[in-house]
Amino acid sequence: MKILFATSEAVPYWKTGGLADVARALPDALAARGHEVVVLLPLYAPVAAQGLPLEEVGRTWLSWPDGPVPVRYLEHRPASGARAVLVDQPDFFHTDRPYAARSGDPLEPGLRFAFFCRAVVERARTWGADIVHLNDWQTGLVPVYARMDGPPVVTVFAIHNLGYQGNFPPELLPRIGIPWEFYRPEEGVEFYGQASFMKAGLALSDRLVTVSPTYADEIQRPEYGAGFDGLLRYRREVLSGILNGIDTRTWDPATDPAVPVPYDAEHLERKDENREALLRELGLDGDGPLFVLVTRLAHQKGIDVLVSALPRLLRRGARIAVLGDGAPEYERALARAAAGHPRRVAAFFRFDDGLARRLYAGGDFFLMPSLYEPCGLGQMIAQRYGTPPVVRRTGGLVDTVEDGRTGFVFEEASPRALCGAVERAIAAWRGPDWDELRRRCMRLDRSWARSAAAYEALYEAARRGAGG
């Protein structure tokens, strides 16, 4: 199959979250299965500044309300895996903050990604894609534009996080060339008085998929559906849940250059050396286990629960190291905790890939108290590094962590429940089966191979359903 994978971000070009990792690893896994896969994303200013070898593979003029707009498609071929095509249109994409407005126009992100959707449809038709794999709200208007001017393209819309919806005032529609006939509650873009990119993707794509089986079930309920639960129940026959994998070449403690002492499941004493090195680096001491977090500091991630639980966790002997950035109130709360307990709590508010990898390698446990989690990659990376995760029972965390065997699971999003799971983890850390628990985590198959096969079957079903 010829698969066009449309995304707003992908490593190594641009990354703000887990979507960027998926947008590299899944296409690579599909390419390894013999498919012709192209990752399509905008050419943002920082990407252009990387000086990548780019070859022009197409240019055209795209229809737009203000008049036709010139576009170039520039191909980058990495050393292995799927190739990428970057959409070059500086008026829309020359920014280092793709999800924010460069000017005072609050509609600018909507204009940017509506134009990207136009570019996706054009490339899909020119290239002859069998499947267009869309990802989150930034690609949600592709089926709208495809319906407007035909011929159709076969679309699979992937939901990575239903909480980010791309909702804009309806006055955006004439500025992006979408007729008012599409502004309707049923099979349209209208969503509680807003024009919603996410709604368009959910209502009009041929197939829907999300990133874990449990999350696919959860989002059909009001507490997780973010207002779309009714629509998702209506479309449940075309909704699937396929668990994400991780790139096991990139995430491997035996070969990771950021890990001071490489190790594998048969040499856990070397992992313990990484632990001691990390404690020295962080300036932490004491005799309790080290719990690490690598996360966005957002409400979704359960940071309120963690902050409230910190005093009790410290009384139980835990040491805590946090790496991430996000909401200022969470940064302040964690900074106060670190200042008040400088030998027990460390907090770093930045993106730091090297430190993240040392935390995965040197931590005893990985904390993930998320209120909801579509899939989550952190817990799978932690398992790969022999660092059992402590997670709340939600979304992909349910599908990847078996309580007491490959981590520790708690139910209620409360400090009491989190502390209970931490106490069980500490007991395991002190117990005779500690090394076996870590080895069990490291031996899990978290590669993309199984998931890629499931996506292949989904694409075939989408083509059959669309008459392709």
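The side chain of threonine 7 reaches the backbone oxygen of glutamate 9 at 2.7 Å. That contact belongs to a predicted model. The chain in this model holds 19 helices and 18 strands.

**Threonine 7**

- Threonine 7 sits in a loop, with β1 (2-6) on one side and α1 (18-32) on the other.
- Its relative accessibility is 0%, so threonine 7 counts as buried.
- Setting aside residues up to four places away in sequence, threonine 7 touches Leu19, Ala23, Val39, Leu40, Leu41, Pro42, Phe116, Asn135 and Thr139.

**The chain as a whole**

- A compact globule of 468 residues would have a radius of gyration near 23 Å. The chain has 23 Å, so the two agree.
- Along the principal axes, the C-alpha atoms fill a box of roughly 65 × 45 × 40 Å.
- Of the 468 residues in the chain, 59% are buried.

**Surface and charge**

- The accessible surface of the chain is about 18,200 Å². Carbon and sulfur atoms account for 50% of that surface.
- The chain carries 56 positive and 60 negative side chains.
- The centres of the positive and negative sets lie 2 Å apart.

**Leucine 62**

- Leucine 62 lies in strand β3, which covers residues 55-62.
- Leucine 62 has a relative accessible area of 4%. That value is under 20%, so leucine 62 is buried.
- Beyond its neighbours within four places in sequence, leucine 62 is in contact with Gly67, Pro68, Val69, Val71, Tyr73, Phe115, Arg118, Ala119 and Glu122.
- Leucine 62 and arginine 296 are 234 residues apart in sequence. From C-alpha to C-alpha, leucine 62 and arginine 296 are 36 Å apart in space.

**Cis peptide bonds**

- Most peptide bonds are trans. The next bonds are cis.
- The bond from valine 11 to proline 12 is cis, with omega near 5°.
- Proline 12 is placed in the loop between β1 and α1.
- Proline 151 is in the loop that runs between α5 (142-149) and β7 (155-159).

**Positive phi angles**

- Most residues other than glycine have a negative phi. The residues below have positive values.
- Aspartate 136 is not a glycine, yet its phi is positive, at about 60°.
- The loop between β6 (131-135) and α5 is the place of aspartate 136.
- Aspartate 136 is buried, with a relative accessible area of 9%.
- Tyrosine 192, a residue other than glycine, has a positive phi near 50°.
- Tyrosine 192 is found in the loop between β9 (190-191) and β10 (194-196).
- The relative accessible area of tyrosine 192 is 70%. That value is over 50%, so tyrosine 192 is exposed.
- Aspartate 136 is thus a buried residue with positive phi, whereas tyrosine 192 is an exposed one.

Definitions and conventions: Residues are numbered from 1 along each chain as its sequence is written. This is a predicted model: local features need pLDDT of at least 70, side-chain atom pairs count only at pLDDT 80 or more; totals for chains, interfaces and linings use all residues. Side-chain values use heavy atoms; hydrogens and water are left out. Helices (H or I, at least four residues) and strands (E, at least two) are DSSP runs, numbered from the N terminus. The radius of gyration is taken over C-alpha atoms; the globule rule is 2.2 Å times the number of residues to the power 0.38. Buried means under 20% relative accessible area, exposed over 50%, partly exposed in between (1.4 Å probe, protein chains only). Accessible areas come from the Shrake-Rupley method with a 1.4 Å probe; for residues, only the protein chains shown count as cover. Lys and Arg count as positive and Asp and Glu as negative; His and the chain ends are not counted. The place of a charge is taken as NZ of Lys, CZ of Arg, CG of Asp or CD of Glu. A polar contact is a pair of N or O atoms within 3.5 Å; within protein, one must be able to donate a hydrogen and the other to accept it, and residues adjacent in sequence count only if both atoms are side-chain atoms. Contact means heavy atoms within 4.5 Å.
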